[in-house]
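I opened my notebook to look up a few things in a structure that was new to me. Here is what I wanted to see before I started.

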Amino acid sequence: MLWISTHDINPDLGCYEGVWPGAEYAVTPNLDRLAAEGARYDNAFASAPVCAPARSAIMTGCFPTAIGTMHMRTKAVLPPEVHLLPEYFRQAGYYCTNNAFTDFQVVTPPTVFDDCSSTAHWRNRPTPETPFFAAFHGMATHESRIYLDEEAFTDTTRNVKKEDRHDPGQAPLPPCYPDTLVFRRAWARYADLITEMDHWVGNLLEQLDDDGLAENTIVVFWSDHGVGMPRAKRWPNEAGLREPLIVRWPGTIPPGTVRPELVHTMDLAPTMLTASRLPVPAHMHGVPLFDHDGTFVEEPNQFVFAGRDRMDEAEDTSRSVRDRRYRYIRHYHPDRSAMEHLKYTDHLATWEEFRSLASQEAEQLEHGLTPDLLTDLQRSVVAANRPSEELYDVIADPYETTNLVADQEHTHPLQRLRSALAHWQEQYGDLGMVPERELMNQWRPAGRSQQTDAPELMLTADGLRAVCATEGASIGWTVDHPGGQVTPLAPLEEITGAPQQDGRRWQLYTGPVRLPEGTKLWVRAWRLGFEPSVEVPVIFSGQAASAT
C-alpha cells in the first residue's frame, strides 16, 4: 500500500474538470493518469478544515470531536482503544514507513512505523516479499509556499516548465475573492505548486513501476483539507473541506471508475484494513468504501460531518454537515469573525489584502461614500460577525454565495440537516463543547502527563512475553543501545528480518520474543497521550531471560 498525500488543495486537478469549478486550470498529467487507471472520488471531505485535526481523523478512523483531537495544535489523550492505523498493519507483518510528516495531534510512538524519517521508503523493507504500508507526505502545496519571495518560489517550483506556469491574468478566481493582483497572483501560484506536486507524485509512481510493484500495490492520493486561502482552509464549508481522493488498485478497481458517493477521508482507515482482509476495529467511526475484492459500497455515508474548533490562539466552535445537495453550518459563536486574527495568518498577503480593502471601505464610509471595493460576499469573509446558521445548495451554488437559512422553500432540508447534526453529536459525543481547560485537567491532572506502566515480562516455553497494565498501551522492544549506538548482533537481523538503522529501531511486540544467548534488549510501552513507560532491560542467557 502506497499513500501519497499533499497539503491544502481542493480537487483542483485536471481530472476533476466539470466536477470542481476551475479544476481545468491545473496542469496535472501524473494525477490525471492515476485517476484514469483507478477510481476518482468526486465527493470526498475532510473531517476538519485544518491539517492536524484532519490528519488525526485519517490516521485513527475517528471523528476528531469524538476523540479529543479537534483543536489545532493540541496533544490529546486518546481513548485507550484508539491506535494509529499503521500499527495495525505492522502487527500483521507489514513494513510500515512514513516520509516524514506526522502532525496527528499526538506524539507518534516508535511502535507505529518501522521507519519515520526523511529516508523512509518501501525499498528499505527486509525482503522483496515483505508487504508494505508506505506513506509519503509532500509539502509543496502547503499554504506557506504561496507567499514565498520570488527566488524561493522559483526554487520551490523548479520542476514546473515555463509553458506550464499559470498566468495570473487567466486565474479563475472564486467570487469570494477580490479581483486584485494579490489574489490573482496567489491563485496562479497555488496552481503552479499543484503542478510541482504532480511532478513529485510522478516520481513516486515511477519508482513503483521501476520496482515492478505497480500491479500489486494499492495507491491512494489525498489532501488533508482545502486550499490555504481565506474562506477555505480553517472554514468548515466546501472550499475548506472538499478534497481530491484517487485510488488505484490494478486488476481489482476498473480503470476510469468514477465514484459519486459521499465519503470522509477518515473512511480510508477502515477501507485499507478491509482491502487487506484485516479486521476493522469496532471503535472506528469511518466505514469501508470497498471490499477486499474491490466491490464498492454504494452509499457508505448518508451525510458527512466536520468541525472547526480552536485555530491556534483563536478559539471558535462550528459544526458542518453535508448531504448530496446541501451544506449546513452551525456557528456557536456568531459574534466572532470567521476571519479571526491569527499570528500565523495575519502576515499572509491574501489576509492582509482582505483586511486592507475592508479598512479602505471603512474610510469610504467615514467620508460619506458608498463602499465599492468588496462585494457583499467578500465583506462577509472579513466581517466582525457571521450568521449563526448557514445553508447552501452546493449543486446549484458551488461557491456558497447565497445563504438559504431564511428561505421558506428550503425549510425541509434545513430541518433535516439540523437534526442530522444533532444526532451525530449525540451518537459520537462532541468534546469541542467541553472547555479545553477542563479537558486538559481531565487528561493531565495537576498539569502532569500520566505515565504508561512499565511492561511486565515473563519467560515461557515460547520465549519472552510482555504485558502492560495500562489499558490501550502498545509494547515495543529493541536491541539498540539507549545511547543511540546500534548493538551489532547479526543473528538478530536474520531473526527480525529488518535491517539495522542509525538510531534506535523499535520492534512492535506482537508475541513471544526468542533471541540468541547473550542478547540484551530493552522493552518499553506507550499509550497515545501518555508519557512512555520506563525501559526494562533484559539479557537472554540460554533459555532464560533476566531483568538487569
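Are Asp224 and Arg55 buried or exposed? I checked both, and Asp224 is buried, as is Arg55. One thing to keep in mind from here on: I am looking at a predicted model.

**Entry: the Asp224 pair**

I went to these two residues for their contact. Asp224 makes a salt bridge with Arg55, and I noted 3.5 Å between the closest N and O atoms. Asp224 sits in the loop between β6 (219–223) and α8 (238–241), while Arg55 belongs to helix α2 (residues 51–60), so this pair ties together parts that are 169 residues apart in sequence. I reminded myself that side chains of opposite charge can pair when their charged atoms come close. How many salt bridges does a search of the whole structure find? I got 35.

**Entry: Asp211 and Arg123**

Next I picked another salt bridge, the one where the side chains of Asp211 and Arg123 meet at 2.8 Å, N to O. This pair also links distant parts of the chain, 88 residues apart: Asp211 is in the loop between α7 and β6, and Arg123 is in the loop between β4 (115–116) and β5 (132–137).

**Entry: Glu535 and Arg524**

Glu535 lies in the loop between β18 (520–526) and β19 (536–541) and Arg524 in strand β18, so here the tied parts are 11 residues apart in sequence. Glu535 counts as partly exposed at 23% relative accessibility. For Arg524 I also wrote down 23%, which again counts as partly exposed.

**Entry: a charged patch**

Which residues form a negative surface patch? I found Glu206, Asp209, Asp210 and Glu215 there. I followed up on Asp210, which is in helix α7 (residues 181–210). Asp210 is exposed, because its relative accessible area of 57% is over the 50% cut-off.

**Entry: strand β3**

I turned to strand β3 (residues 95–99) and asked how many of its residues are buried. The count is 5 of 5, so I wrote it down as mostly covered. Looking at the directions, I saw Tyr95, Thr97 and Asn99 pointing one way from β3 and Cys96 and Asn98 the other way, all of them buried.

What does β3 pair with? With β5 it pairs in the parallel sense over 5 bridges, and I noted Phe133 in β5 as the bridge partner of Cys96. With β4 the pairing is parallel as well, over 2 bridges, and there Thr97 stands opposite Asp115.

I stayed at the end of the strand for one backbone detail. Asn99 and Ala100 are joined by a cis peptide bond, with omega about -15°. Ala100 is already in the loop between β3 and β4.

**Entry: Phe221**

Phe221 has its place in strand β6. I looked up its cover: the relative accessible area is 0%, so Phe221 is buried. I also took a distance to Trp526, which is 305 residues away along the chain, and the two C-alpha atoms are separated by 30 Å.

**Entry: two positive phi values**

Arg73 has a positive phi of about 65° although it is not a glycine. Arg73 lies in the loop between α3 (64–67) and α4 (85–91), and I have it as partly exposed, with a relative accessible area of 46%.

Arg277 is another residue other than glycine with a positive phi, near 60°. I found Arg277 in the loop between α9 (268–275) and β10 (304–308). Is Arg277 buried or exposed? Arg277 is exposed, with a relative accessible area of 62%.

How values were computed. Residues are numbered from 1 along each chain as its sequence is written. This is a predicted model: local features need pLDDT of at least 70, side-chain atom pairs count only at pLDDT 80 or more; totals for chains, interfaces and linings use all residues. Side-chain values use heavy atoms; hydrogens and water are left out. Patches are made of residues with over 30% relative accessible area and no salt bridge: like charges are joined within 9 Å, nonpolar side chains (Val, Leu, Ile, Met, Phe, Trp, Tyr) within 5 Å. Accessible areas come from the Shrake-Rupley method with a 1.4 Å probe; for residues, only the protein chains shown count as cover. A salt bridge is a side-chain nitrogen of Lys or Arg within 4 Å of a carboxyl oxygen of Asp or Glu. Lys and Arg count as positive and Asp and Glu as negative; His and the chain ends are not counted. The place of a charge is taken as NZ of Lys, CZ of Arg, CG of Asp or CD of Glu. Helices (H or I, at least four residues) and strands (E, at least two) are DSSP runs, numbered from the N terminus. Buried means under 20% relative accessible area, exposed over 50%, partly exposed in between (1.4 Å probe, protein chains only). Two strands pair if DSSP finds at least two bridges between them.
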